[in-house]
Amino acid sequence: DNHNPMVNYYLGEYNFLNEKYMTALTFYKEAFKRGYSKHYNTNFQIALCYDKLGDAPKATIYYKKCLEIDSKAKEPRKKLAQIQSKDEKYKDYYEFY
């Protein structure tokens, strides 16, 4: 059932684990659209996909959504700090505007 957000989420997980980040992103975004917009893990995985694909602005949007859902979450806060400080890992990885 391609309309079921849970099915799309787990297809995203499968592709993410196999390092197919663009395909994973497609499934996560479909899960998001189909009812998982307030699902912490979906937002975090979307952010991670954008992170892996080198899109800092979009990753930032979804890390912030994670913090809206769970303000005590440590990992998105850590990732945002790395992006905002232009951490060494991110200097070569992202284009900053």
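1. Terms and model. Buried means under 20% relative accessible area, exposed means over 50%, and partly exposed lies in between (1.4 Å probe, protein chains only). By that cut-off Tyr62 is buried, at 9% relative accessibility. The model is predicted: local features need pLDDT of at least 70, side-chain atom pairs count only at pLDDT 80 or more, and totals for chains, interfaces and linings use all residues. Residues are numbered from 1 along each chain as its sequence is written, and side-chain values use heavy atoms, with hydrogens and water left out.

2. Fold. The protein has 6 helices and 0 strands. The order from the N terminus is α-α-α-α-α-α. Helices (H or I, at least four residues) and strands (E, at least two) are DSSP runs, numbered from the N terminus.

3. Burial and surface. The protein has 97 residues, and 40% of them are buried.

4. Contacts. Contact means heavy atoms within 4.5 Å. Take the contacts with a separation of 6 or more: residues 24 or more positions apart account for 45% of them.

5. Core. A nonpolar core is a set of buried Ala, Val, Leu, Ile, Met, Phe, Trp, Tyr and Cys residues joined through side-chain atoms within 4.5 Å. The largest one holds 24 residues. Phe16, Tyr28, Ile46, Cys49, Tyr50, Tyr62 and Tyr63 touch the most other members. At least two core residues come from each of helix H1 (5-17), helix H2 (21-36), helix H3 (40-53), helix H4 (56-69) and helix H5 (74-84). H2 gives the most, with 7 residues.

6. Cysteines. Which residues does Cys49 touch, not counting those up to four places away in sequence? They are Phe16, Tyr21, Ala24, Leu25 and Tyr28. Cys49 is buried, at 0% relative accessibility. Cys66 is also at 0% relative accessibility and counts as buried. The structure holds 0 disulfides (pairs of cysteine sulfur atoms within 2.5 Å).

7. A salt bridge is a side-chain nitrogen of Lys or Arg within 4 Å of a carboxyl oxygen of Asp or Glu. Side chains of opposite charge can pair when their charged atoms come close. The whole structure has 3 salt bridges. Lys33 bridges to Glu30, with the closest N and O atoms 3.3 Å apart. These two residues are 3 apart in helix H2, so about one helical turn separates them. Lys33 is exposed at 61% relative accessibility, whereas Glu30 is buried at 19%. Glu30 also bridges to Arg34, with the closest N and O atoms 2.7 Å apart. Glu30 and Arg34 both lie in helix H2, 4 residues apart, about one turn of the helix. Arg34 is partly exposed, with a relative accessible area of 35%.

8. Salt bridge between helices. Asp51 and Lys79 meet through their side chains in a salt bridge (3.9 Å, N to O). Asp51 lies in helix H3 and Lys79 in helix H5, so the pair ties together parts that are 28 residues apart in sequence. Asp51 is buried, with a relative accessible area of 3%. Lys79 is buried too, with a relative accessible area of 14%. Elsewhere, salt bridges that share partners join Glu30, Lys33 and Arg34 into one network.

9. Aromatic pairs. Rings of Phe, Tyr and Trp (its six-membered ring) pair if their centres lie within 6.5 Å; planes under 30 degrees apart count as stacked, over 60 as edge-to-face and the rest as tilted. The count comes to 8 aromatic pairs. Phe32 and Tyr62 have ring centres 5.9 Å apart and planes at 80 degrees, so this pair is edge-to-face. Phe32 lies in helix H2 and Tyr62 in helix H4, so the pair ties together parts that are 30 residues apart in sequence. Tyr50 and Tyr62 form a stacked pair: 5.9 Å centre to centre, 25 degrees between the planes. Tyr50 lies in helix H3 and Tyr62 in helix H4, so that pair ties together parts that are 12 residues apart in sequence. Tyr50 is buried, at 9% relative accessibility.

10. Tyrosine cluster. Which residues do ring pairs link into a cluster? They are Tyr9, Tyr10, Tyr28 and Tyr36. Of these, Tyr28 is also among the core residues that touch the most other members.
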